[in-house]
Amino acid sequence: MALELTDANFDELVLKSDKPVLVDFWAEWCGPCKMMAPQFAAAAAQLPDVRFVKVDTEASPQASLRYRIRSIPTMVLFKNGKEGARVAGAMSAGDIERWLQSQV
């Protein structure tokens, strides 16, 4: 299960993490985001070396603004406190896993 982040805990749990962090920027009203949620959770279960977290762009807009999130769902991979890669659009669990493995 992915951890829900807020603007208040984003830096602590993402930028200061000692392992790669995949952030799913999403919103409650976003149909593709809702469809991808179980796929994101399934990928998280398969890749324990990556921290999977979610940021609701409506409830926590500052992180979305800081990282210039223009469409959702968007996933951003952080490594050593810096953005390493990003991908926009809903993906299957297998596609998320393959994409992550090519980036980590």
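Visitor: Which residues of α2 are buried?
Guide: One thing first: this is a predicted model, where local features need pLDDT of at least 70, side-chain atom pairs count only at pLDDT 80 or more, and totals for chains, interfaces and linings use all residues. Residues are numbered from 1 along each chain as its sequence is written, and side-chain values use heavy atoms, with hydrogens and water left out. Helices (H or I, at least four residues) and strands (E, at least two) are DSSP runs numbered from the N terminus, while buried means under 20% relative accessible area, exposed over 50% and partly exposed in between (1.4 Å probe, protein chains only). In α2, the buried ones are Cys 33, Met 36, Phe 40, Ala 43 and Ala 44.

Visitor: What covers those buried residues of α2?
Guide: Look for contacts, meaning heavy atoms within 4.5 Å. The cover includes β2 (21-26), β3 (51-56), β4 (74-79) and α4 (93-103).

Visitor: How far apart are the end C-alpha atoms of α2?
Guide: The expected span is 1.5 Å times one less than the number of residues. With 16 residues (31-46), α2 should therefore span 22 Å, and that agrees with the model's end-to-end separation of 24 Å.

Visitor: Where does α2 bend?
Guide: A bend is the angle between axes fitted to the seven residues ending at a residue and the seven starting there. In α2 that angle is about 35°, with Pro 38 following within four residues, and the bend sits at Ala 37.

Visitor: How are α2 and α4 oriented to each other?
Guide: Axes are lines fitted to C-alpha atoms, for helices over the stretch in contact, with angles from 0 to 180 degrees between N-to-C directions. Here the axes are 8 Å apart and the packing angle is about 50°. Under 35 degrees counts as roughly parallel, over 145 as roughly antiparallel, 65 to 115 as roughly perpendicular and the rest as oblique. So α2 and α4 are oblique.

Visitor: Is Ala 45 buried or exposed?
Guide: Ala 45 lies in helix α2. Its relative accessible area is 60%, so Ala 45 is exposed.

Visitor: And Ser 64, buried or exposed?
Guide: Ser 64 is in helix α3 (residues 61-66). Leaving aside residues up to four places away in sequence, Ser 64 touches Phe 25, Thr 57 and Ile 69. With a relative accessible area of 9%, Ser 64 is buried.
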